[in-house]
Amino acid sequence: MADIIDILSEIPDNLRSVRRMRQDAVENAQKSFELLVEGESSLTPAERFAVAAEVACLHQVEKATTFYQEIAAEEQASGERLDAILAATRVITLAPAQADARVLSQVRQYLTEDEVVTLYQLISFLAFQLRVVLGLQVLAGGASGSGLVDEHVAVDHLTVGDNVRTYPDLVGPTTFVRHSLGWKPWVAPLEKNELTDEHREALVSKDREGSEYFRLLVRDPGALRARTLTDFDIFYNVDGGLGRAERELAATAASKVNGCIYCASVHSVRGAKESDRGEDFDALLADVNADVGSTEWSAIRDAAVALTQMTFSYKHVDALRAEGFDDASIIDVINASAFFNWANRLMLTLGEPELPQRFR
């Protein structure tokens, strides 16, 4: 089918062409849609389109909401399993930092470990897709974001059962930091000796075989491979557009807003290395509204924050243009910010960060 992000954002041909400066990202975002929303899965089509309709509605993206709701209405899903899926969907969408092991434990009553990974990839991918759609709409002169639905998320009544892993002795970070952290999964990753050729191809890079995070996500190999190739093109393709450090700045700002200490640590370290501006990243980690050293970086930070909060508007595009950023650079800001609304939602909801012994 035609590219779903092009369809939902209704951007003109010139922006479609600029967007394809990141051709791998475009193709693999589309592949993620085809795999996670439309493809074969042990999650039923009715369940997946119900999730998509719920996420789009919570993001208040009108065309996407209509698109997904019309298909969901044809499927007409119901039942306790769907209720649990949608309850998790709302928390992961609106307050990912609260979607902890308690939320996972509730949905694990109805889903296998593989199904959990697919569901969480689906919800997190949609968070990315809808932010790209909004960003492109605004860049093309269309509607501004209305913010996420203002709905109270309550999880304190939930408890953790024995269907998820817990780490009673784990020492986690209590503040945002610019140094390496560990990460422990609440769902069992595959063991190295369980990896097939399909799994290894999905991991893309052999060194990821040593990561529990990636060995967990590889439970859905197609989704992981498409996500990884999207990631690589957005952050490492330096053919025009935004600088590497600036992409890491957007990733760090999104992670700070979402409360993902792990992602913020990784990408502030990378951004500081690319820019030699560690103090500016430290300021951002302490306060998302802090002075980050230049008007150019402030414009990028403000755009990343607004996209994360779904309040991105013409004023953010105007601020970026005033700093000399062209359409390709602005699309890089949109992509980098949106992608970390995907990454954060996986890191926050499938495990927790651990403070290495040397930093305790």
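**Helix 12**

I looked up the burial of helix 12 and noted that 14 of its 15 residues are buried, so the helix is mostly covered. Buried means under 20% relative accessible area, exposed means over 50%, and partly exposed lies in between, with a 1.4 Å probe and protein chains only. Helices are DSSP runs of H or I with at least four residues, strands are runs of E with at least two, and both are numbered from the N terminus.

The model is predicted, so I note that local features need pLDDT of at least 70 and side-chain atom pairs count only at pLDDT 80 or more, while totals for chains, interfaces and linings use all residues. Residues are numbered from 1 along each chain as its sequence is written, and side-chain values use heavy atoms, with hydrogens and water left out.

I then checked the length of helix 12, residues 244-258: at 1.5 Å a residue its 15 residues should span 21 Å, and the end C-alpha atoms are 21 Å apart, which agrees. The expected span is 1.5 Å times one less than the number of residues. Just after helix 12, Gly259 takes a positive phi of about 80 degrees.

**Asn258**

I examined Asn258, which lies in helix 12. Asn258 is buried, with a relative accessible area of 8%. Leaving aside residues up to four places away in sequence, Asn258 touches Pro96, Ala97, Thr308, Phe340, Asn341, Asn344, Arg345 and Leu348; contact means heavy atoms within 4.5 Å. The C-alpha atoms of Asn258 and Ala95 are separated by 7.6 Å, although these residues are 163 apart along the chain.

The buried residues of helix 6 include Leu82, Ile85, Leu86, Val91 and Ile92. Among the elements that cover them are helix 4 (45-59), helix 7 (101-107), helix 8 and helix 17.

Helix 11 has 16 residues and reaches 22 Å from its first C-alpha to its last, close to the 22 Å expected at 1.5 Å a residue. Its buried residues include Arg227, Asp231 and Asp233, along with Leu224, Ile234 and Phe235. They pack against helix 3, helix 8, helix 9 (197-203), helix 10, helix 12 and helix 17.

**Cavities**

How many cavities of 30 Å³ or more does the structure hold? I found two. On a 1 Å grid over the protein atoms alone, a cavity is a set of points where a 1.4 Å probe fits but cannot get out, a pocket is an open set with protein on both sides within 12 Å along at least five of seven lines, and lining residues have an atom within 4 Å of a point. Grid points are joined across faces, edges and corners, and a volume is the space filled by probe spheres set on the points.

The largest cavity has a volume of about 60 Å³. Its lining includes Ile5, Arg19, Arg22, Phe128, Thr230 and Asn335. Helix 3 (23-38) gives the largest share, three residues. The lining divides into seven nonpolar, two polar and two charged residues. Here Ala, Val, Leu, Ile, Met, Phe, Trp, Tyr, Cys and Pro count as nonpolar, Asp, Glu, Lys and Arg as charged, and the others, Gly among them, as polar.

The second largest cavity has a volume of about 40 Å³. Val18, Arg19, Met21, Arg22, Ala328, Ile331 and Asp332 line the second largest cavity. Helix 17 supplies the largest share of that lining, three residues. By class, the lining has four nonpolar, no polar and three charged residues.

**Largest pocket**

I recorded a volume of about 530 Å³ for the largest pocket. Of its 26 lining residues, Phe214, Tyr262, Val266, Arg270 and Met347 are the closest to its centre. Helix 13 gives the most to the lining, with seven residues. The lining comprises 15 nonpolar, six polar and five charged residues.

**Cysteines**

I searched the whole structure for disulfides and found zero; a disulfide is a pair of cysteine sulfur atoms within 2.5 Å. The closest cysteine sulfur to that of Cys263 is in Cys260, 3.4 Å away, which is too far for a bond. Cys263 counts as buried, at 4% relative accessibility, whereas Cys57 is partly exposed, with a relative accessible area of 35%.
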